[in-house]
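Trainee: Could we go through this model together? I would like to begin with the sheet.

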Amino acid sequence: MTTESRHASADDPRVLLDEQVGVFEPVPPYPPRTEREAEFYTLRDGEMFINIGPHHPSTHGVLRVVMKIDGENVVDLDPVLGYLHRGVEKLCENADFHHTIAYMDPLEYIASLFCEWPAVMAYEKLLDVEVPRRAEYIRVLTGELNRISSHALAMGFHALDLGGLTPILYSFIERDEIVEMLASITGQRMLFNYFRIGGVNGDLNHDFMSRLGTWMSRATTQIEANTGLLNENEIFVRRNRGLGTIDSQTALRMCWTGPNLRATGIPFDIRRAHPYSVYPELDFDIPTRSEGDALARYLLRIDEIKQSLRIIDQCLHEMPDGPIMAKLPRLLRPRPGRAFAAVEGPRGEYAIYAVSDGTDQPFRFRIHDPSFLHLQSFNLLMEGRLIADWMAINASLDPIMGGVDK
Amino acid sequence: MTVVGRTWNRLTLPGKIVFTVVPVLVVLAVAAVVAIALVGETVLEILGANLPIVRFVVAATAILLMTIPTAFLIIYMEMKGIALMNLRIGPDRVGPFGSLLSVVHGLKVLMKEDFTPTGADPTIFTLAPVVVYLSAVMALLVIPFGPGLFGVDMNIALLYFFAIGGLTVVGLLMGGWASFNKYSLLGGLRSAAQIISYEIPLTLSVVGVLLLAGTMSLNQLVQNQAGWFTDWYIWQQPLGALIFFIAATAEANRTPFDLTEADSEIVAGFATEYSGMRFGFFFFAEYVNVFIVSALMVTLFFGGWNAPFPFPATSLALDPASLGIGLLILIAVVPVVATLVFAAPFWLLRPTWPAWYGLVIGFVLFNLVAVAAVAGWAYISFDWVAGLVWFLAKTYFFVFVFVWMRGTLPRVRIDQLMNFAWKWLMELAFINIFITAGAILVVEALRSGS
C-alpha cells in the first residue's frame, strides 16, 4: 500500500514525515476491508468524524470510538478495540494451571475475583476436585463484596460521565472500605489473585471480620444516602430515562447477560439458571426491570447491591468450619478433556472454556467476557442520539476494557 | 568576555527581560516625578479640568486589577467548597487553609509553555482569550459596588451589560474555531447556541424590574430599593429573579449548563488546545463571569449595596484633628497599654511560658481588635464601606450557590438545554412581563381612583 492512498492517515508514521502534520483524521491507514468499513469511512455532506478515545475522560479505559457526527447528532459509530490487548488466552496456554489465575485478574480490574472464579471452576471440573464448603462460602462472600464495590463504582462513574462531580467520591468510600477488607485477606487492593484450584488462598481473619462488621452495620443506610443524590435528581433521571432502550429479544440476540439483560425484563442469572458453588443454598431474589433503558440498568445495579448484602449476611451466618483448600498435588496434570465454567459477575456472564491434553498447561483456553458483547450493541442503542448520550450509554453498560481486549 | 557579559549570558529569558525592563521603568518613573515637580501645577490643572476622564481611567484600572483577586478568591471558594461537599479536605498546603493555592495556580499558568498547535490560526487563537477576558471586565464597569463606587453611571447600563456580555460568545467561538480541533469546534458551536439562546430569557426576565423601576441605570435601580429588605425587587419579581438566575447560570457556562467545556464529553471544549496564560485568561474569565452574574443578580433583585435594614442614623463624627495633642498621646500610649492588658491573662495563667510569648500574643490580639475597631468605625462613618460590605456579602452568597450547584448537579443535554430555554424560560419570561405590566396598570388605576 502506498502512502499516497486516499486512506493514508496521519496515524501512519510515514505520512508524518513528508505530508502536512497536524491533520488527524481517524481513518484507518489501509483500504476498506469490508463493505461496512467503506460505508462508514465515507463522509456525506455536513458530516465529520470525531475520535472519542482511546484516552478520553469517559471511555472507561482505552476504548476508542470513531463517531460520524452531523452537528451534535451521531450518525454512525465504530468502536475500535485492541488498545489493551495482551494475548491473555495465548499466555495462559503457555502457563502452568496455577499461573493462569494471576493472568485472569487484570481482565476485570474492577472486580477481579469474578475472572478468577470461572478459571478455577473449570480446572476443578477437569481435575474432579471437591472444593471444601468453607472455601465455597468464602468465595461467595468475597465475590459478593466485590460485586458491591463494582456496582457502587459503576453508579459513581455513571454520574461522572453525566457531569456530576460528587457521587463518584461517595462511591469510592464504599469501594475503599471493601477493597481494604479484601486486602486484609488477600494482600492486594485491586488484583486479588485469591482463588486457588480447590479452594482459596487464605482463611478469613480477624481484621477482615472486624472491618466487615463495621461496614455492614452502616452499608444499607450509606448506599441509600449515596443513591439519593442521583435517584431524585431530575437532570440525572431525565437524561437516562428512555436512553439506549433495548427490548429483551434484541438483547438476547446481542448476547447480553448480567444486569444489562435483567434490565430488559429477563430474569437470567447464572447463580440461579446454572447454579454453582453454594448459591442454591442461599436465599436471594433476582431483581428485574422491564424498561431496558439506561436508568433501568442503573437502578437494577442498586437493587443488586441490596441482594448482595442479603447474601453476605447469610454467608456469615451459615459459614461452616473446616479446611479452605482441597488436597491436591503440587503439579497438576488433569485428565485430557474439556471443561466449561461460567459465573455471574457484576457485568454479566464470565466464562472459561479450557481444554486439557494431560500436561500441566491448558491445551486451549478461551475467555468469554460480557463487556465485549455489550459493546457490540452501541449502534443499536445510539440510533438518532447525541454525542453526550454516548457517554451515558457507555456508562450504563459499564464495560471493562481489560476483558474486552483480553 | 567581561563579567557583565558572562552574568548576562547566565540569565534565563525572564531574567533578561526583567533586567532590561526594570532600569527603563525606574528611569521613566524618576523622569515622571521630576517632570511633575517641574510642571506640577499644569498637570494638576489639566487633570482637574478633565476630571470625568481621570475618574474613568482610575475606575477602569481598579476594576481590571480587581478581577484578579476576585478570580483567585472564587477559585479558592470552589476548590474548598466542592472538596467539603465531596467529603475531601481540599487545598490545605499553601497559605492558611490552602487559601494561596489559587495564587499558585495563577503563577503556574504564567510559567507554563504557551503552546499553539499546528494548523491553528495564530492571530485568532491568541486574540480569543483576550476578547473573553475583556468582555468580562468591561461588563464589570457598570456594576455599582457601593454608593459612588462604580466605573461608569450610564442611563442604559443594563443594555450595555447585556451587549458586552454577549461579546463573550465571540471570543469562545474564535477560540473554538481557531484551535483546529474538533472538540474545540463543537465547544465553540455549543457556546454560540447556548449563550445566544439564553440571552433572550435573560434579557426578558429583567423587563419586569425595568417596568417597576422605570430606569435602566443600575445606580438608580439600587437607590429605588433602599430601605428595608421588603423593598427589594425580589418580592415583586420572584419569577423574574428565578428566570434570571437560571439564564445567568447558562450565560456564565456553569454547571448544570457547562456544555461548552463539558469535560466528560468534549474534553474542555473551546479550551482543549489552550495552555499557559491563554488558558489562564479563559479560566479567570469564567470566574469573573460568575462574580458578574451574581453581582447583577444582587443589584437587580436583592437591593444592591443596600443593607437589609435602614442604616443606623448615628454618624460617628470623629474628627482626629480636633483631639490636638491628645491624638499624639493616644497613638503613643494606647498600643502599649492594650498590649500589656491583653498579655496579662497569659502571664497570669501560663506562668511556665517565657514572658515574651504573652507579649507577642497580646500584640497580635491588640492588632486584631484595632483592625476590627477601625473597620467598625469605617462601616459606621462611610456609607460606601457599608455598601461595599453588604454588596460583597450578598454577591459571594450567590457565588457560593454557583459552587454548590457545581458540587451537586450533573450536566443537561444540549437538546434539553435548548428546549428549556425556548419552550419554558422564554414563555415564563413573557408571562412575567404581562403580569407585571397588568399589575402596574391596576395599581395605578386604583391609586388615581381613590
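**Sheet and helix packing**

Mentor: In chain A, strand E7 (residues 349–356) and strand E8 (residues 362–368) pair in the antiparallel sense over 6 bridges. Two strands pair if DSSP finds at least two bridges between them, and helices (H or I, at least four residues) and strands (E, at least two) are DSSP runs, numbered from the N terminus. This is a predicted model, in which local features need pLDDT of at least 70 and side-chain atom pairs count only at pLDDT 80 or more, while totals for chains, interfaces and linings use all residues. Residues are numbered from 1 along each chain as its sequence is written, and chains are lettered from A and ligands numbered from 1 in the order in which they are written.

Trainee: Which residue stands opposite A:Arg364 in E8(A)?

Mentor: A:Val355 does. In the hairpin of E7(A) and E8(A), with 5 residues between the strands, A:Gly358 takes a positive phi near 90°.

Trainee: In what order do the strands of the open sheet come?

Mentor: The order is E6-E7-E8 in chain A, with 3 strands and antiparallel pairing. Strand E6 (337–344) and E8 of chain A are at the edges with a single partner strand each, so one side of each has no neighbour in the sheet.

Trainee: How many bridges join E6(A) to E7(A)?

Mentor: There are 8 bridges, and the two strands run antiparallel. A:Gly337 has A:Ser356 in E7(A) as its bridge partner. Helix H5 (residues 113–127) of chain A packs on the sheet and touches E6 and E7 of chain A; contact requires C-beta atoms, placed from the backbone, within 7 Å.

Trainee: Changing topic, at what angle do H6 and H7 of chain A pack?

Mentor: Helix H6 (residues 133–161) and helix H7 (residues 166–186) of chain A pack at about 160°, with axes 8 Å apart. Axes are lines fitted to C-alpha atoms, for helices over the stretch in contact, and angles run from 0 to 180 degrees between N-to-C directions. That makes H6(A) roughly antiparallel to H7(A), a label for angles over 145 degrees.

Trainee: Which residues make the contact?

Mentor: Among them are A:Leu145 and A:Phe157 of H6(A), and A:Ile178 and A:Leu182 of H7(A).

Trainee: And how many residues of chain A are in contact with chain B?

Mentor: 28 residues of chain A are in contact with 28 residues of chain B.

Definitions and conventions
Parallel < 35°, antiparallel > 145°, perpendicular 65-115°, else oblique. Contact = placed C-beta atoms within 7 Å.
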